[in-house]
Amino acid sequence: GILSKVSSRVPPPMTPSQPTICPLANGMPTLDAERVRLRPFRCEDAPEVFRLYADKEAVRYGFAPEMNGLDDAQTLIAETLRLAAEQTLFHFGVALRESDRVVGHATLFAWERKHRRAELGYSIERSHWGRGLGTEAAGALVRFGFEELGLRRFEADVDPRNVGSIRVLEKLGFLREGFLRERWELGGELQDGVFFGLLRREWRG
């Protein structure tokens, strides 16, 4: 599927022996920050989803599904809802609270319940860069993970050239934990990875 690059890294859904009560059991929640709202994608978001992922510069260093038209956007939306229902990956739309227009995404994936850790990713439409919206969106997702899902650790893998994304993580208290050479090959380009981690006990909230 269109999300296979990310979803292939997550564990299978909970087994019956694990707790079944979960804040995500009835679907994805809505998470509010000061200016943005993290919410499930809807079918009517397809034009905004297409605009976000068709901008290769905006998604150069991260999740960049093939996006040739609105049909691809609709496929992506349907797949995000399916994966959320399976509780394997949670791909939120980042919408402006004042208009509810989607201008980005924030994703919680690789959720390992046994070890209480997960990874996060995010992207904001280029016309909204420099406004701090990425920090708000990622911060809302981190808060949800620590306070509602009971995580003890978040991880993130960022291209060292992605200065804006690194700045977001550092504002949230993430620490650099490693450098992985040529970890990814995206769009025919080899990309290094800087590995970041944030522990619940270190989180400033």
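How many helices and strands are there in the protein chain? Colour the model by secondary structure and count: the protein chain has five helices and eight strands. Bear in mind that this is a predicted model.

**The whole chain**

The elements come in the order α-β-β-α-α-β-β-β-α-β-α-β-β. The protein chain has 205 residues, and 51% of them are buried. Now consider contacts in the protein chain between residues with a separation of 6 or more: 65% of these involve residues 24 or more positions apart.

**Stop 1: helices α2 and α3**

Select residues 46–54, which are helix α2, and residues 70–85, which are helix α3. Their axes are 8 Å apart, and the two helices pack at an angle of about 100 degrees. An angle from 65 to 115 degrees counts as roughly perpendicular, so α2 is roughly perpendicular to α3.

Show the side chains that make this contact. On α2, pick Ala46, Pro47, Val49, Phe50 and Tyr53; on α3, pick Leu70, Ala73, Gln74, Leu76 and Ile77. Sorted by class, the contact of α2 with α3 has nine nonpolar residues, one polar residue and no charged residues.

Stay with Ala46, in helix α2. Is Ala46 buried or exposed? Its relative accessibility is 3%, so Ala46 counts as buried. Select Leu70 as well: the C-alpha atoms of Ala46 and Leu70 are separated by 6.0 Å, although the two are 24 residues apart along the chain. Setting aside neighbours within four places in sequence, Ala46 is in contact with Leu70, Ala73, Gln74 and Ile77.

**Stop 2**

Ala110 is not a glycine, yet it has a positive phi of about 50 degrees. With a relative accessible area of 6%, Ala110 is buried.

Next, select Trp111 and Arg113. Arg113 lies over the face of Trp111, at 3.9 Å from the ring centre.

Continue to Arg116, in the loop between β4 and β5. Arg116 also has a positive phi, of about 55 degrees, and is not a glycine either. What does Arg116 count as at 42% relative accessibility? Arg116 counts as partly exposed, since that class lies between the 20% limit for buried and the 50% limit for exposed.

**Stop 3: Ser123 in strand β5**

Select Ser123, which lies in strand β5. Ser123 has a relative accessibility of 7% and so counts as buried. Which residues is Ser123 in contact with, leaving aside its neighbours within four places in sequence? Show Leu52, Ala58, Val59, Val103, Gly104 and His105 to see them.

**Stop 4: the aromatic rings**

The model has three aromatic pairs. For one of them, display Phe146 and Trp203: their ring centres are 5.3 Å apart and their planes are at 50 degrees, so the pair is tilted. Planes under 30 degrees apart would count as stacked, and planes over 60 degrees apart as edge-to-face.

Phe146 is in helix α4 (residues 133–147), whereas Trp203 is in the segment after β8 (189–199); the pair links distant parts of the chain, 57 residues apart. Phe146 and Trp203 are both buried.

Phe146, Phe154 and Trp203 form one aromatic cluster.

Note on methods: Residues numbered from 1 in each chain as written. Predicted model: local features only at pLDDT ≥ 70, side-chain atom pairs only at ≥ 80, totals over all residues. Heavy atoms only, no water. Axes fitted to C-alpha atoms, helices over the stretch in contact; angles between N-to-C directions. Helix = DSSP H or I, 4+ residues; strand = E, 2+ residues; numbered from the N terminus. Parallel < 35°, antiparallel > 145°, perpendicular 65-115°, else oblique. Contact = heavy atoms within 4.5 Å. Nonpolar A, V, L, I, M, F, W, Y, C, P; charged D, E, K, R; others polar. Phe/Tyr/Trp six-rings, centres within 6.5 Å; stacked < 30°, edge-to-face > 60°. Buried < 20%, exposed > 50% of the residue type's maximum accessible area, 1.4 Å probe, protein only. Lys NZ or Arg CZ within 6 Å of the ring centre and 35° of its normal.
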